[in-house]
Amino acid sequence: DFGKRFMETLRTTANITLLTNSNVTTLETERNGKVVTAANVQTLQGNSFQVSARHMILAAGGIENARLLLLSRSKKHPSGLGNAHDQVGRYYMDHPKLNAGVLLFSKKTDISNQLDFDTTLGKCRLGIKLTEVTQRKHHLLNSYIQADPMYRRTSKFLDKKLRIKRVELMNYMEQAPLPSNRVALSEEKDALGQSIASIHWSLSSLDKDTVIYIHKLIKKTGNIAGGRSFVRPLLKDKHAWPVQDASHHMGTTRMGANPKMSVTDANARVHGIKNLFIAGSSLFPTAGYANPTYTIFALTQKLSEHLKKQYAGSRVGFKQGRNEQKKKNVLLVGSGNRVKSTVLPAIYCLRDELHLMGVLSRTKKDLSKWYEATLSTETDFNNIDVSKADIIFISVSTENVASVLQNFNKRDVSNATL
């Protein structure tokens, strides 16, 4: 869980401002259409505001990056940002997978060491793939095959090695980047009134031919080696392809030198937009068969180094929307059980309307656990400017109410609701 692991770091890092429950709906540009000036943001509670910066980075994933560019239409960009050549959303790729094919051994065989083994990089599994020479010679993709995970689950459950006569094969496919596979905008709207993504996705003949070729090699090798046979439904003429996707959304804002065939340049900058960059798997021109995480991190690191070198000193600004009311400042007095169990969670749930400016208490306490943010009590009235409070909420025992009110009588709280 990325959020759970890094949330405290994001909260406490001075040069990061994290806005949660805030949905970017469109991007705005200057009149010439070459510079993004703001990101329009809406919340489900009906508030709206803008975020402005010298440079913008979209890092919303392989589907939402494309969707946001397509939604950002204007007179200069009638088809969406970066979409002058109808490339945004195209070349959508995933890693299709399907269970097809069974290896049958003539006698029970222990192959556990060939399925899982430890290396310096962690646990690895053996698979079957084509060599690069074979791929180039026969114009095939980079797909591969593994033994079905059911065997691994069974052996782990029984905590012993199993001798088997049957291994099912899981086929993991690379997809060819085809312009017809794409993310487009649907007529259906989301809760904010924006068009949701419509996915057009299918397997090409090349996608299928690559896996079939591997199965032909397995059949041929099995016949030569003897001792095993191969049940091969994919080699039948009318075999169905009941593939599953791997939720690896890639290719929809592909990187390239030619704006007529790509969306960003080698530095991940959107063609024709001076200050708009993209991070994530939507940059991939091709997808291979392996998980995309390491490549995402590598490209993001490359982008961050480029931005640090070229654009030092960028700042972020916020512009309040017309229908967003200023948050009310809340000063909380007390830190007992009622505050922890009821008051703090309620204020946190209303954080779009309320700003907790501080908690006054007789003793120093850490209340972060109950507020889902770093929060400690303040014991000195003089350390908080109570005149800025719009709401003062007192939650103390009956015998302490009088002394608290006496403290407020000495200060300007004329603008506050008690």
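Trainee: Is E8 buried, partly exposed or exposed?
Mentor: Keep in mind that this is a predicted model. E8 has a relative accessible area of 40%, so it is partly exposed.

Trainee: What does E8 form with R11?
Mentor: A salt bridge. The closest N and O atoms are 3.4 Å apart.

Trainee: Where do E8 and R11 sit, and how are they spaced?
Mentor: They are in helix 1, residues 2-12. R11 is partly exposed, at 36% relative accessible area.

Trainee: How many salt bridges turn up in the whole structure?
Mentor: Eight. One of them joins the side chains of E64 and R67, at 2.8 Å from N to O.

Trainee: Which helix holds E64 and R67?
Mentor: Helix 2, residues 61-71. Again the spacing is three residues, about one helical turn.

Trainee: What about D86? Which residue does D86 form a salt bridge with?
Mentor: R182. Their closest N and O atoms are 3.3 Å apart.

Trainee: Which parts does that pair tie together?
Mentor: D86 lies in the loop between helix 2 and strand 5 (97-109), and R182 lies in strand 11 (residues 182-189). So the pair links parts that are 96 residues apart in sequence. D86 is partly exposed at 33% relative accessibility, while R182 is buried at 19%.

Trainee: New topic. Where is G334?
Mentor: In the loop between strand 16 (328-333) and helix 7 (337-349). G334 is buried, with 5% relative accessible area.

Trainee: What does G334 contact, leaving out neighbours within four places in sequence?
Mentor: V339, V359, L360, S395 and V396. As for T377, it is 43 residues from G334 along the chain, and their C-alpha atoms are 8.8 Å apart.

Trainee: Last one, H306. Where is it, and is it buried or exposed?
Mentor: H306 is in helix 6, residues 293-310. At 16% relative accessibility, H306 counts as buried. Setting aside residues up to four places away in sequence, H306 touches N267, F277 and Y311.

Key. Residues are numbered from 1 along each chain as its sequence is written. This is a predicted model: local features need pLDDT of at least 70, side-chain atom pairs count only at pLDDT 80 or more; totals for chains, interfaces and linings use all residues. Side-chain values use heavy atoms; hydrogens and water are left out. Helices (H or I, at least four residues) and strands (E, at least two) are DSSP runs, numbered from the N terminus. Buried means under 20% relative accessible area, exposed over 50%, partly exposed in between (1.4 Å probe, protein chains only). Contact means heavy atoms within 4.5 Å. A salt bridge is a side-chain nitrogen of Lys or Arg within 4 Å of a carboxyl oxygen of Asp or Glu.
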